[in-house]
Amino acid sequence: MIVWIVFITLVLIFLALDLGVFHKDEHVIKSKEAGIWTAIFVTVAFAFSGVIYWLFSEEIIANPTGLSPNDAVLKYITGYLIELSLSVDNVFVIAVIFSSFKIPPLYQHRVLFWGILGAIVFRALMILFGVALITKFEWIIYVFGVFLLYTAFNMLKGDDDNFDPKNSFVFRQIKKIYPVTTTMHGHDFFVKRMGLNAATPLFVALIVIELTDILFALDSIPAILAITADPFIVFSSNILAILGLRSMYFLISRMLEKFRYINYSLVVILAFVGLKMLFSHYVHLPEWVSLTVISVALISGILASTLTKEKK
């Protein structure tokens with residue numbers, strides 16, 4: 001448990017430094033700054049693979065699935081790339097939410113910061129239950145596999161293209177439960193008007209982002225569980241990818257139209273992982289195969305988007 005406590009403590013310390021020191025003064029995050037922070041987060045995440053190797057080689061952490069240090073590193077990197085690639089779709093939804101509730105760029109980092117805290121808690125619980133289910137009920141892996149294939153099929157059809165947060169079930173329920181004001185009040189999530197407390201658009205956007213992240217976790221966590229059921233590898237790869245989501249949002253949200261073929265990459269990744277789950281008891285692919293498929297799918301989507309001219 002010491003390793004878990006140290007890892008979570010370091011994540012919380014970094015988040016505190018992020019809001020209290022690095023972004024103490026609210027400002028619009030420019031592409032250059034977002035690019036630097038994205039590079040830092042990706043570098044830290046890949047450097048953490050060295051920590052994974054050390055933990056497993058020295059047997060400092062529990063190893064319930066009997067992984068060798070090299071396999072642990074490969075599974076960690078594969079899981080991280082899966083979460084990072086699926087986060088691209090999350091970025092698009094966050095952009096739609098901010099646009100729908102007219103959240104100024106000045107306050108978007110604050111909303112995403114608190115959203116990350118909630119995401120860490122919810123994903124930790126989902127990983128805990130997901131690992132427990134796969135460990136106790138082996139057949140649940142088939143359920144996860146079918147679910148991922150269904151998600152890939154829906155993504156291929158593009159059913160989520162007309163997503164409107166203001167018409168969502170969540171937004172309607174928030175308005176029923178708690179008063180909502182349509183005007184901004186600086187960076188405040190709540191404001192007192194005419195003797196009543198009311199939620200500002202910032203708080204509503206935060207709740208909608210939080211709940212959509214839970215929906216995305218329903219895809220990403222089973223996808224990582226298809227790679228490994230080791231709880232620490234699943235948790236650390238997931239959380240390190242989530243930490244980089246904010247800077248990645250500010251970096252690529254302005255370039256989403258350029259990556260118009262990236263969704264097809266995500267379809268390939270989800271379909272591959274879903275099929276891997278369904279045939280896990282019959283076909284055992286080496287870890288480098290999964291890593292190669294995910295990397296090639298992502299690179300192909302990016303190259304197709306940048307090299308192919310868009311028809312008018």
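**Notebook: hairpin, overall make-up, surface patch**

I began with the strands: E1 (residues 190-193) and E2 (residues 196-199) run antiparallel and are joined by 4 bridges. Strands pair if DSSP finds at least two bridges between them. This is a predicted model, where local features need pLDDT of at least 70, side-chain atom pairs count only at pLDDT 80 or more, and totals for chains, interfaces and linings use all residues. Residues are numbered from 1 along each chain as its sequence is written, and side-chain values use heavy atoms, with hydrogens and water left out.

E1 and E2 make a hairpin with 2 residues between them. In that turn, Met 194 has a positive phi of about 55°.

Next I listed the elements. I noted 11 helices and 2 strands, which are DSSP runs (helices H or I, at least four residues; strands E, at least two) numbered from the N terminus. Their order from the N terminus is α-α-α-α-α-α-β-β-α-α-α-α-α.

I then looked at burial. Of the 312 residues, 47% are buried (under 20% relative accessible area, 1.4 Å probe, protein chains only).

Last, I turned to helix H1 (residues 2-22), where Ile 2 has its place. Ile 2 is exposed, with a relative accessible area of 67%; exposed means over 50%. Ile 2, Val 6, Leu 10, Ile 13 and Leu 17 form a nonpolar surface patch. Such patches take residues with over 30% relative accessible area and no salt bridge, nonpolar side chains being joined within 5 Å. A salt bridge is a side-chain nitrogen of Lys or Arg within 4 Å of a carboxyl oxygen of Asp or Glu.

Key: Patches are made of residues with over 30% relative accessible area and no salt bridge: like charges are joined within 9 Å, nonpolar side chains (Val, Leu, Ile, Met, Phe, Trp, Tyr) within 5 Å. Accessible areas come from the Shrake-Rupley method with a 1.4 Å probe; for residues, only the protein chains shown count as cover.
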